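Dear colleague,

Please find below the sequence and structure that I am handing over to you. My findings follow after it, and I would be grateful if you read them with the structure open.

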Amino acid sequence: MRRTYLGEFEEIVLLMVAILDGQAYGVTVSQEIEQHTGRLVTFGTVHNTLIRLEEKGFVTSDLGGATAERGGRRKRLFSVTALGSRALQDIQQVRSQLWQLMPPNELKVSGL
């Protein structure tokens, strides 16, 4: 099977979808990324990334129920697929292996 690689922001969005466990939609993903990373992201950037992840097969989406707070519009809720879950596990494993290779003093900042 050919591995599909994720960019750093795609990885963050996919991880947040997994964390939100069925309650992920564009606005919540944007807010949670900002809250947990301090990184300012626009709804449009997150939305485009969610669509791209869906096209790659890493997430799936369904329309939720209509809500008064959204003027009766339905939310598109995203969930991680088995392929997306496997991708996150692979990324975690690769990163852990690479960190194990890091020499102990490599990240020390001199002069502090």
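Which residues are buried in α4? Please bear in mind that this is a predicted model. In α4, the buried residues are Gly84, Ala87, Leu88, Asp90 and Ile91. They lie on the same side of α4, because the arc they cover around the axis is only 165°. In general, an α-helix has 3.6 residues a turn, so residues three or four places apart point the same way.

The helix itself comprises residues 82-101, which makes 20 residues. From its first C-alpha to its last, α4 reaches 29 Å, close to the 28 Å expected at 1.5 Å a residue. The buried residues of α4 pack against α1 (8-20) and β2 (74-80). On the face turned away from this buried side, α4 carries the exposed residues Ala82, Gln92 and Gln100.

As for the chain as a whole, it has four helices and two strands. Read from the N terminus on, the order of the elements is α-α-α-β-β-α. The chain has 112 residues, of which 29% count as buried. Among contacts between residues at least 6 apart in sequence, 51% join residues at least 24 apart.

On the α1 side, Phe9, Glu10, Val13, Leu14 and Val17 take part in the contact. They meet Thr45, Val46, Thr49, Leu50, Arg52, Leu53 and Lys56 in α3. By class, this contact of α1 with α3 has seven nonpolar, two polar and three charged residues.

Glu11 is found in helix α1. Is Glu11 buried or exposed? Its relative accessible area is 13%, and buried means under 20%, so Glu11 is buried. Leaving aside residues up to four places away in sequence, Glu11 touches Leu6, Leu88, Ile91 and Arg95.

Asp21, in turn, is placed in the loop between α1 and α2 (26-37). Asp21 has a positive phi of about 45° although it is not a glycine. In general, most residues other than glycine have a negative phi. With a relative accessible area of 64%, Asp21 is exposed.

Yours sincerely,
A colleague

Notes: Residues numbered from 1 in each chain as written. Predicted model: local features only at pLDDT ≥ 70, side-chain atom pairs only at ≥ 80, totals over all residues. Heavy atoms only, no water. Expected span 1.5 Å × (residues − 1). Buried < 20%, exposed > 50% of the residue type's maximum accessible area, 1.4 Å probe, protein only. Arc of directions from axis to C-beta. Contact = heavy atoms within 4.5 Å. Nonpolar A, V, L, I, M, F, W, Y, C, P; charged D, E, K, R; others polar.
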